[in-house]
Amino acid sequence: MFRIGATAEIPHSHRMTQNISTRSWVELGLLGLIWGGVFLATRIALDEISVLHAVAHRLIWAAAILWGFVLWKGYPIPRRPRIWLALLVMGALNNIIPFTLLSWAQLSIESGLTAIFNASTALFGVVVAAIFLKDERLNLRKTLGVGVGFAGVVLAIGPEAITQFDLRSLAQLAAIAATLSYAFAGVWARKFLSELTPQVAAMGMVTGSALVMLPLSWMIDGPLPLSMGATTWAAVLYYALVATALAYLLYYRILAAAGSGNLMLVTLIIPPVAICLGAWLRNESIPPLAYFGLGLLAFGLVILDGRLFKRRSI
């Protein structure tokens with residue numbers, strides 16, 4: 001239940017951890033690199049275009065690629081209005097709300113710190129699923145993992161967010177709210193979109209999101225900008241085509257081959273990549289406490305993964 005713009009549903013049959021092949025390890029690392037770079041690309045685009053335009057660009061071009069893939073593969077297109085309504089809600093929860101909040105947050109906080117907060121998606125996913133899904137109840141191991149992970153999030157936020165509440169503090173809360181939206185998207189997908197193939201669900205969700213964001217961004221910030229600098233276009237095409245559309249397809253390929261337990265490891269790859277890219281290309285530096293917070297968050301995710309406890313049940 002973690003992703004950077006990937007749909008949240010994880011089919012029940014793929015939840016158990018599987019052995020992972022060398023090819024899957026390579027693909028897992030590639031996915032981590034791709035999603036780790038999305039934060040830098042988004043921040044670069046925001047130097048020239050607005051938050052809403054950045055999100056609209058991401059969704060429109062990703063939808064076009066996913067439509068092409070679905071038609072090429074011959075997947076059946078949903079026709080029932082109920083399914084499209086469910087996809088529209090999914091798009092709001094998994095694309096519109098989190099993409100907008102994360103992009104807005106990056107105007108005030110570093111790319112690497114945004115990535116750290118985004119990694120808490122798995123924690124919120126476990127809690128929200130336990131509340132709304134009968135087969136996802138919390139046990140002692142999950143509770144421990146969530147508790148340790150959330151302690152890491154609090155440490156990454158830092159005490160100044162409470163003692164000196166400002167725009168930066170609000171941006172950090174916005175990033176956390178984005179991960180909560182992702183978590184609700186996971187529950188929504190399980191309840192209302194389980195009959196769709198993942199690729200069709202991704203296509204429909206992104207399409208619905210694009211149909212909302214294009215007029216919304218137009219009304220608030222004006223027509224979608226197309227006369228952008230080469231650097232901005234490169235950033236937009238990266239996060240729209242590579243880090244959204246193509247990453248969706250790679251995500252589900254790894255999910256089918258290695259299982260969701262192994263796929264959760266990508267969450268541990270993304271923040272270090274985002275931190276290094278932000279420091280290298282934008283001279284960003286995150287607060288020292290954030291590194292300790294990332295360590296605790298990573299340990300919480302390892303506990304959730306469960307392999308440390310495979311010989312004993314807690």
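Q: Does Glu110 count as buried or exposed?
A: Buried means under 20% relative accessible area, exposed over 50%, and partly exposed in between (1.4 Å probe, protein chains only). Glu110 has a relative accessibility of 15% and therefore counts as buried. The structure is a predicted model, in which local features need pLDDT of at least 70 and side-chain atom pairs count only at pLDDT 80 or more, while totals for chains, interfaces and linings use all residues. Residues are numbered from 1 along each chain as its sequence is written, and side-chain values use heavy atoms, with hydrogens and water left out.

Q: With which side chain does Glu110 form a salt bridge?
A: Side chains of opposite charge can pair when their charged atoms come close. The criterion is a side-chain nitrogen of Lys or Arg within 4 Å of a carboxyl oxygen of Asp or Glu. Glu110 meets Arg168 at 3.0 Å, N to O. This pair links distant parts of the chain, 58 residues apart: Glu110 lies in the loop between α3 and α4 (111–118), and Arg168 in helix α8. Helices (H or I, at least four residues) and strands (E, at least two) are DSSP runs numbered from the N terminus. Arg168 is partly exposed, at 23% relative accessible area. Elsewhere, salt bridges with shared partners join Asp135, Glu136, Lys142 and Arg190 into one network.

Q: How many residues separate Glu27 and Arg23 in helix α1?
A: They are 4 residues apart in helix α1 (residues 22–45), which means a separation of about one helical turn. Glu27 and Arg23 form a salt bridge whose closest N and O atoms are 3.3 Å apart. Glu27 is buried at 11% relative accessible area, whereas Arg23 is exposed at 55%.

Q: What does Thr244 touch, not counting residues up to four places away in sequence?
A: A contact means heavy atoms within 4.5 Å. On that basis, Thr244 touches Arg58, Ala62 and Tyr239. Thr244 is located in helix α10 (residues 230–263) and is buried, at 1% relative accessibility.
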